[in-house]
Amino acid sequence: MAAVVGVLALQGSYNEHMAALRRIGAKGVEVRKAEQLLGIDSLIIPGGESTTMAKLANFHNLFPALREFVGTGKPVWGTCAGLIFLADKAVGQKTGGQELVGGLDCTVHRNFFGSQLQSFETELSVPMLAEKEGGSNTCRGVFIRAPAILEVGQDVEVLADCPVPAGRPSITITSGEGLEDQVYSKDRVIVAVRQGNILATAFHPELTSDSRWHRVFLDMDKESQAKALAALSLSASSNDADVGSKNKAPDLPIFE
């Protein structure tokens with residue numbers, strides 16, 4: 001049976017993700033309520049206005065269900081605002097901040113690349129795409145009021161980075177109570193990562209004709225289902241062995 005991909009449809013570019021899924025023959029469904037998460041195999045959290053999306057998610061009481069879904073190990077992909085949602089820590093937020101789903105061991109800067117006027121497109125080097133799906137080693141990155149990942153944990157695989165724009169104001173990373181704040185001083189910044197069942201991109205693959213990111217995400221779903229079937233098979237074998245050992249006639253003593 002074909003996997004069902006849910007697309008969080010509160011606000012933002014969910015229609016574009018739905019269209020991208022249709023182009024590759026995948027079944028996508030719009031998700032607006034917590035109970036709808038029960039019927040899907042994977043989830044895309046699209047780009048949009050992250051503060052507005054968070055307010056709508058709160059209104060629909062979605063955060064607990066989203067955290068639970070991430071915790072199941074089913075594939076989840078966040079693009080732009082979706083990346084912010086999935087980050088364990090976000091900086092550069094508006095006063096009061098916003099609630100996060102978490103699960104991705106990284107620090108994201110909510111508006112690293114500046115305002116709408118600083119939106120841009122660039123070619124990104126992503127060897128993983130060519131390795132898994134063929135084609136060029138690069139993809140078109142569409143950045144719209146985009147975030148960026150400043151730091152990642154050791155279990156996070158970096159898939160793509162890009163140069164920090166010239167003239168970018170300095171960014172301070174708050175390290176926490178009792179620790180000294182750090183100024184981001186690298187000349188490149190991370191824009192795509194994977195950690196286990198979580199894929200995250202600071203840009204918008206759904207706004208291009210390159211379907212390889214969506215195909216990679218579907219492959220993650222196939223991996224997840226294969227693991228679930230293997231675990232189920234192992235559990236069944238273990239249960240059969242237990243039943244067999246219980247039904248086995250006891251060994252009788254041998255007298256010589």
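His214 sits in helix H6, which spans residues 212-247; helices (H or I, at least four residues) and strands (E, at least two) are DSSP runs, numbered from the N terminus. The model is predicted, so local features need pLDDT of at least 70 and side-chain atom pairs count only at pLDDT 80 or more, while totals for chains, interfaces and linings use all residues. Residues are numbered from 1 along each chain as its sequence is written, and side-chain values use heavy atoms, with hydrogens and water left out.

With a relative accessible area of 2%, His214 is buried. Here buried means under 20% relative accessible area, exposed over 50%, and partly exposed in between, with a 1.4 Å probe and protein chains only. Neighbours within four places in sequence aside, His214 is in contact with His17, Ala20, Leu21, Ile24, Ile44, Trp77, Pro205 and Glu206, where contact means heavy atoms within 4.5 Å.

## Backbone positions with positive phi

Most residues other than glycine have a negative phi. Cys80, which is not a glycine, has a positive phi near 55°. Cys80 belongs to the loop between strand E4 (76-79) and helix H4 (81-86), and its relative accessibility of 3% makes it buried.

Arg145 likewise has a positive phi, about 45°, without being a glycine. The loop that holds Arg145 runs between strand E8 (138-143) and strand E9 (148-152). Arg145 counts as partly exposed, at 34% relative accessibility.

## Salt bridges

The structure contains nine salt bridges, each defined as a side-chain nitrogen of Lys or Arg within 4 Å of a carboxyl oxygen of Asp or Glu. In one of them, the side chains of Glu121 and Arg140 meet with an N to O distance of 3.3 Å. Because Glu121 lies in strand E7 (residues 120-125) and Arg140 in strand E8, the pair ties together parts that are 19 residues apart in sequence. Glu121 is partly exposed at 47% relative accessible area, and Arg140 is partly exposed at 36%. Glu121 and Arg140 also belong to a network of salt bridges that includes Glu123.

A salt bridge also joins the side chains of Arg215 and Glu133 (3.2 Å, N to O). This pair links distant parts of the chain, with Arg215 in helix H6 and Glu133 in helix H5 (residues 127-133), 82 residues apart. Arg215 is partly exposed, with a relative accessible area of 31%. Between Asp161 and Arg188, the closest N and O atoms of the salt bridge are 3.0 Å apart. That pair connects distant parts of the chain too: Asp161 is in strand E10 (residues 157-163) and Arg188 in strand E13 (residues 188-195), 27 residues apart. Asp161 is partly exposed at 30% relative accessibility, as is Arg188 at 37%.

## Aromatic pairs

Rings of Phe, Tyr and Trp (its six-membered ring) pair if their centres lie within 6.5 Å; planes under 30 degrees apart count as stacked, over 60 as edge-to-face and the rest as tilted. By this rule there are eight aromatic pairs. Phe112 and Phe113 form an edge-to-face pair, 5.0 Å centre to centre with 75° between the planes. Phe112 is buried at 1% relative accessible area, and Phe113 is buried at 5%.

Ring pairs also join Phe112 and Phe113 with Phe120, Phe143, Phe203 and Trp213 in a cluster.
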